[in-house]
Amino acid sequence: MQDTPRANRIHIGLFGKRNSGKSSLVNALTNQEAALVSDIAGTTTDPVYKPMEIHGIGPCVFIDTAGLDDEGRLGELRIKQTLKAMEKTDVALMVCTGEDINQELEWSHTLKEKNVPIIWVLNKADLLENAEQTARNIEKKCGQVPLIASAKKKTGMEDIRRGIIGRLPDETMEKGIVGKLVSEGDTVMLVMPQDIQAPKGRLILPQVQTIRELLDRKCLVMCCTTDKIEPMLQALSAPPKLIITDSQVFKTVYEKKPESSRLTSFSVLFAQYKGDIDYFMEGAEAIGRLTPSSRVLIAEACTHAPLAEDIGRVKIPNMLRKRIGDGLQIDQVSGTDFPEDLSGYDLVIHCGACMFNRKYVMSRVSEARKQHVPMTNYGVTIACLSGILDKIDY
């Protein structure tokens, strides 16, 4: 992997009416022909994701969306995709070109409900007789002074860049994957699986990202497979400060680890990195309340074809049914498929979400909270079913 994964990038969404210059603004901000530009309204259909590296912002993704005023049956579908893009947006640029901003105001309320910070941008300023007066009139309606810009002339781009920097989410700068579990110089032992989901020649994304962060934090990183835990521990002069394991072998590693070593899993780490670990821990309590007539939703971020040893489609369902009973109903969704109505479920179990950005995961957590549905994740679930939930760290 040579590029920062999209899931670890700040997502900057551009929203506005058709022909407001959103695509041109993406090109001006990135200084590339990143988005297709046309005078024909409605050129952008599905959201376009453009990964970039912007000074002061770092790795980011610009999301160029369809017009908020799109029409017809196809327009409805495009707007639905724009709403989904809002779920992933860390910072929104609301692009307008005049004083009639009623539709933009309506959509800005939707963004606020999703806790997305908004930067209003008055684009195509080169076509306005008095851009400053137009901006003042817009301010009276939206309560924010819009940034004046012209994508065509590439003016106002620095103001927009600074505006984005000022609204970056704090958590992207701070805690990281391993949080406060390690310090510089600590020895960290990683127990890596070798199975059908991590075949010969590759590591799965959470392992790659965790190793990189540990190296950046100047830790001593030791890796082994499950069958080499004991030789690895014997080779170390002192017990490792932390052991990070694949969740599927939680119980095995717990039984073999030194008493002084802290224990967690890649999935648990990503639960706190991408989601709400406290809510996930509370959600695990719902496992004890499940009955054979209960209904569980398992949500997988990846869209890979089902595999024989798949953790979300095979292993966790088998563990749950062994504990609860064969009558337990388990539904599965993958990728961006996620039910709007969760009320029929007694528990939602989410994967570690290495493929999603934190904003998108938290939007799902928010929906579960609003509908009073317990939610947890793969690693927390396996620790709970293995009887060691109170023994792990995060």
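Which residue in S12 is the bridge partner of Glu-300? I looked it up, and the partner is Ser-334. A reminder to myself: this is a predicted model.

**Entry 1: the sheet with S12.** S11 (residues 295–300) and S12 run parallel and are joined by six bridges. They belong to an open sheet of four strands with parallel pairing, and I read the order as S12-S11-S13-S14. At the edges I find S12 (329–334) and S14 (375–377), each pairing on one side only. On average, neighbouring strands in this sheet are turned by 25° against each other, ignoring direction.

**Entry 2: helices on that sheet.** I checked H11 (residues 311–324) next; it lies across S11, S12 and S13 (347–350). Its run makes about 160° with S12. H13 (residues 378–385) also packs on the sheet, where it touches S11, S13 and S14. I noted about 90° between the directions of H13 and S14.

**Entry 3: another open sheet.** Here I have four strands with parallel pairing, in the order S8-S7-S9-S10. S8 (220–225) and S10 (262–265) are the edge strands; each has a single partner strand, so one side of each has no neighbour in the sheet.

Leu-190 stands opposite Ile-244 in S9.

Conventions:
Residues numbered from 1 in each chain as written. Predicted model: local features only at pLDDT ≥ 70, side-chain atom pairs only at ≥ 80, totals over all residues. Heavy atoms only, no water. Pairing = 2+ DSSP bridges. Helix = DSSP H or I, 4+ residues; strand = E, 2+ residues; numbered from the N terminus. Axes fitted to C-alpha atoms, helices over the stretch in contact; angles between N-to-C directions. Contact = heavy atoms within 4.5 Å.
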